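Dear colleague,

Please find the structure below, together with its sequence.

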Amino acid sequence: MIKAILVFNNHGKPRMSKFYQYFNEDMQQQIIKETFQLVSKRDDNVCNFLEGGSLIGGSDYKLIYRHYATLYFVFCVDSSESELGILDLIQVFVETLDKCFENVCELDLIFHVDKVHYILNELVMGGMVLETNMTEILTRIEDQNKLEKQEAGLAAAPARAVSAVKNMNIPQQIKDMKLPDLPQAIKDLKF
Amino acid sequence: MEAVNLLSSNKYSEKQIGYLFISVLVNTNSDLIKLIIQSIKNDLSSRNPVHVSLALQCIANIGSKEMAEAFGHEIPKLLVSGDTMDVVKQSAALCLLRLFRTSQEIIPSGEWTSRIIHLLNDQHMGVVTAATSLIDALVKKNPEEYKGCISLAVSRLSRIVTASYTDLQDYTYYFVPAPWLSVKLLRLLQNYPPPEDPGVRGRLNECLETILNKAQEPPKSKKVQHSNAKNAVLFEAISLIIHNDTEPNLLVRACNQLGQFLSNRETNLRYLALESMCLLATSEFSHEAVKKHQEVVILSMKMEKDVSVRQQAVDLLYAMCDKSNAEEIVQEMLNYLETADYSIREEMVLKVAILAEKYATDYTWYVDVILNLIRIAGDYVSEEVWYRVIQIVINRDDVQGYAAKTVFEALQAPACHENMVKVGGYILGEFGNLIAGDQRSSPQVQFQLLHSKYHLCSPMTRALLLSTYIKFVNLFPEIKTQIQDVFKQHSNLRSADAELQQRASEYLQLSIIASTDVLATVLEEMPAFPERESSILAVLKKKKPGRVPENEIREGKSPGPTANHQTEQPPAPAPTTNNVSTDLLGLSTPPASQPSTTSTSNTGVLLDVFGDMYGGTGTPAQANNVNNLAPAQSTYNAKKFICKNNGVLFENDLIQIGVKSEFRQNLGRLGLFYGNKTSFALQNFMPSLSIPDELQGKVNLQVKPVEPVLEAGAQIQQMLNAECIEDYSDTPSMVISFLYNNVPQKLTIKLPLTINKFFEPTEMNGESFFARWKNLGGNQQRSQKIFKATQPMDTTATRTKLLGFGMQLLEGIDPNPDNFVCAGIVHTRTQQVGCLLRLEPNKQAQMYRLTVRSSKESVSQEVCELLADQF
């Protein structure tokens, strides 16, 4: 199973990370850092597999990575995955990104994090390979885009969502929450 | 909260953002989960497949227990129902897989089995791929039930393999038909032995052959992706061939194919080829074939640019080594070791040591190899390795002389590694006499050689050298005075280390006082070590579970106490632990213990010697701390808690459990404190009570549940209330289970809830005590034990224990002032049991007599049992 998918640039700045096994925030940062240190030391012409990460899963753990221009794509997997298979999966992922963004570059990943996640969701689900057929993935992404466009207030909706995410203060809200009242609260809040 | 609202939106984009938020930011433990579940439920039953997909994705990405409970029933239905769209089916299969991993029981059995298996026949390749992953996991749990998938998988595979790349259209990746699905199917088949049905088997072999043939065809594209995909399938096919291990013909072909890859331009292929060959080397059919490639492998160990590949080459060399090529391989590895990467040196040292031992026909060769090893990579030679060489030398008479000679020569080098000094010191101390006949290595020379290294060594090594010297006193009486001078120098303030000082002075006295006979007995040659599994092998297994080609590889759940933790401790009387890593206990202890470990009868002699020396100053036993057992790494001593209420109940590397308790009459309250000692959270943390059958109805216990996650470094408290209904023996226990790094751990801890906790101390005068004592004279009421003292007979310590036990200590009542008498009442809900006790120590014989009298037979017995182990 795929434990995590990390994308970072040549300086170790994370550009996307997705963990399929639960780690707390600190741990996630540590894993990214460690992985970067392991991967960045290696020449481009050595092999794409690497053992020795200590933070996830112990000995049954491999890093499979590819280096594209400024970005590293690293998949952290256990021994139940085929190495070359995953290597090709990275290729499919990148090619899909490339098709969606038309010549993908680091900036695309920064400004369209949501889209990258949607694409990844079509590719990998819960740590398992979901779909490997590029055309199929592309049609699904296009379908999603169409759906988005069909919906009225297209511009407003994501903005509203973003502001909602920004404005809320999660820990406090959780503390204030009284569980028995909840069902009612949801009803009242319907759009 | 807002995100949850977004989930219930009807607009796709809003919903999508909501789900995205949740999958990124919400973890499994959040309270929000409960809210989300309702929204997901709605989406799951939605008509719109896109919504259903979103919901499934969310479930899979979170994949928690709650999710499994909430949706365990819905998803299988989605998966097999006829009107579900392919896209949704695909997601449902993986979603189910994810939930199955979190909780095993959600997969329905019976008719579902065949329906799930038949997904392999689905038209849509995406669905088949997803289903294969699911079935693979299910098969691991329940191979019998899913046996039917073998033939389906084989036929599916043969359809893909024989298809030309135009047939499968979209699922052809760089001219390779459905590589991922092929890989998955081949993996699935590795769960079973080769198919029994000859038809199916033939077909499978045909497939495998086709795959091997295809590897020979010229590539259809120059792109690296093409060869990657093709080889992914090929490697998986080879693993299946290795797994089946029945077709010598295929195995040899596979081996040749891998041999070609070894010199391929692609680093990835070289890496994988080496890895697969490691597996091939373990099969009897292909072992010989693998050996053909030895040259190339050695070359890649030396020349390869990439350390991962070099590491694989070392692994392979280790796997392909046998009697015929051992000498060559070991030699090559030794040569390479000088320039090897630091990161793999330690492992290589272990491997060389193991190979040398395993395939040594001539043990002089073995000794040479190990000494070379220490010379080349002394820093990476762990203690186990040099312990082992000593074990072997001691157990084999034929190499002792040679070993002594070789180490002697090795020590003459101007700079030699400390490990070399250790081995040298030990071996010369034991067998120096074998080479003393030669003028060049006379006792004098040996001693001076060793002593010239003394000042450069750590205290641990110095201690060992001191022991060597005392052994020299026995072996070569002619240099006795010289050695005594050395001891004198070190027995005073000049050696800052207390251990060294003590050792030096004890040895000095020993050499002065003891007669030659005593010396000869005490300093006899070490007895042979019992043959056990090599401790080095154990270390390698621990380091690389799954890498060592041995049958019974058990992963150590938590690191047990290892020999080096105890190095500085006084010795246990004999290495009796069956833990392999404590193998060398006798060795690892500073050799001050050697005299006492040699045989028990010697201990007495030795004690006498020291007794004279420290005459009258104290108990002789303390001069040489023979009795103090080294504290084990994981301390768990329930007995200790009979006489005390608070303290650390259990401790190992992962967890510490403390307890505080108070009792009143027949009620008690315990606070249990669980502390996480690791830097990871302990998941699924669950302490639960386990009450033995005979205790049912005799005690009443209530515990408060605790949070299921114990964060790193955190401590939580659990309260436990107890009521004693009737007197009992035995004690309830706590079963604590949790996941550390996803490895399930389980501990059973006896709770400190013995019957004596419900004692109420009772004050009474001598008259009434003896009146009652006489009254309780019947056989039924009396319980008596006579036992040997296991600890020094110290009056204050005994008093403290008796007070802690819970009874009232009555002073000045017994006519003999050495005796202890106590009185107390055991409170239970049903009755109160008066109880009297008398403890009579006999210092000469180091014995105690304990008498307990009470109005109830079972109580007297239990109290007597409990207390008897305490002194």
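How exposed is Ile110(A), judged by its relative accessibility? The model is a predicted one, and in it Ile110(A) has a relative accessibility of 34%, so this residue counts as partly exposed. Ile110(A) belongs to helix 3 of chain A, which covers residues 106–111.

I turn next to the charged side chains. Over all chains, the structure contains 25 salt bridges. One of them joins Glu122(A) to Arg140(A), with a distance of 3.2 Å from N to O.

In chain B, a salt bridge is found between the side chains of Lys15(B) and Asp43(B), at 2.6 Å from N to O. Lys15(B) sits in helix 2 of chain B (residues 12–25) and Asp43(B) in helix 3 of chain B (residues 32–44), so the pair links parts that are 28 residues apart in sequence. Both Lys15(B) and Asp43(B) are buried.

Another salt bridge in chain B pairs Glu144(B) with Lys147(B), whose closest N and O atoms are 3.7 Å apart. Glu144(B) has a relative accessible area of 56% and is therefore exposed, whereas Lys147(B), at 37%, counts as partly exposed. Returning to chain A, Glu122(A), Glu131(A), Glu136(A) and Arg140(A) are joined into one network by salt bridges that share partners.

Where is Thr790(B) placed in chain B? Thr790(B) lies in the loop that runs between strand 13 (782–788) and helix 35 (795–805) of chain B. Thr790(B) is exposed, because its relative accessible area is 60% and the cut-off for an exposed residue is over 50%. Thr790(B) and Gln870(B) are separated by 80 residues in sequence, and their C-alpha atoms are 8.2 Å apart in space.

Yours sincerely

Definitions and conventions. Residues numbered from 1 in each chain as written. Chains lettered and ligands numbered in written order. Predicted model: local features only at pLDDT ≥ 70, side-chain atom pairs only at ≥ 80, totals over all residues. Heavy atoms only, no water. Salt bridge = Lys/Arg side-chain N within 4 Å of Asp/Glu carboxyl O. Helix = DSSP H or I, 4+ residues; strand = E, 2+ residues; numbered from the N terminus. Buried < 20%, exposed > 50% of the residue type's maximum accessible area, 1.4 Å probe, protein only.
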